[in-house]
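Keep the model open beside you as you read.

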Amino acid sequence: TIARGDSVTFKAKVSEYNNLTELSSISDFVIVSSGNTLPTAVSVASANVSEEQYESVLIKSTGTCVSDDLGYGEWGISDNTTDTVHIDDLFYAFTPIQDSSYTVTGIDYYSYGSFKIEPRDSNDIIGPRVTVSFVSIYDIQYTTDASGDSPYKDSTVSTGGIVTAIVPNKGYYVQSGSGAWNGIYVYDTGNDTIA
């Protein structure tokens, strides 16, 4: 199992797949060390994100949200040029606010005919966040991200369910259905009805 910050060595075959250079047929894979500092993200202007030299590199770009929905989970920012940088949801889905400013960090990825930035989690997007309407506890909890973080991390949501346990003067547990992903802890020290 690999994690962010691992230093690895391996043998692989170099290939081109849908105009994306990739390595496959991996052998002799070794994790040399863990917990290494990640490379610093390269600051890239909107016009340059689509340059081949940044393919698969950790980059960041700053701009105004010029489109909050480009389809297929994508949205776009621009730094006052005609070039729109597509932000995608391969790792992390995010709902932007139109005309707001964002700094987005992520992998410069190529798919379906265009380069796009793939933020890895909520820490990769700096800027205002949407207050989301009613969201089920399942949707708040369910994630495929290796970090285990909620896809709604740092968003404000409305939700609800049945209180299943109370931690006096600290909070309570709420569940909105049976099965996995349906329970959540509510940290609520300001509610004087919890005893």
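Start with the largest pocket: 43 residues line it, and those nearest its centre are Arg4, Phe91, Arg120, Asp121 and Asp145. A pocket here is an open set of points on a 1 Å grid over the protein atoms alone, where a 1.4 Å probe fits and protein lies on both sides within 12 Å along at least five of seven lines; lining residues have an atom within 4 Å of a point. The space inside comes to about 1,100 Å³, counted as what is filled by probe spheres set on the points, which are joined across faces, edges and corners. Strand 4 gives the largest share of the lining, three residues. Strands are DSSP runs (E, at least two residues) and helices are H or I runs of at least four, both numbered from the N terminus.

Before going on, note that this is a predicted model: local features need pLDDT of at least 70, side-chain atom pairs count only at pLDDT 80 or more, and totals for chains, interfaces and linings use all residues. Residues are numbered from 1 along each chain as its sequence is written, and side-chain values use heavy atoms, with hydrogens and water left out.

Now zoom in on Asp121, which sits in the loop between strand 8 (114-118) and strand 9 (125-126). Is Asp121 buried or exposed? With a relative accessible area of 9%, Asp121 is buried (under 20%; exposed is over 50%, partly exposed in between, with a 1.4 Å probe and protein chains only). Its side chain makes a polar contact of 3.2 Å with the side chain of Arg4; that term means a pair of N or O atoms within 3.5 Å, one able to donate a hydrogen and the other to accept it, and residues adjacent in sequence count only if both atoms are side-chain atoms. A polar atom of the Asp121 side chain also lies 2.9 Å from the backbone nitrogen of Asn123.

Next comes the largest nonpolar core, with 15 residues; Trp75, Ile77 and Ile87 are among those with the most contacts inside it. Such a core is a set of buried Ala, Val, Leu, Ile, Met, Phe, Trp, Tyr and Cys residues joined through side-chain atoms within 4.5 Å. Strands 4, 5, 6 and 7 each supply at least two of the core's residues.

Finally, step back: the whole protein has one helix and 14 strands, and buried residues make up 29% of its 195 residues.
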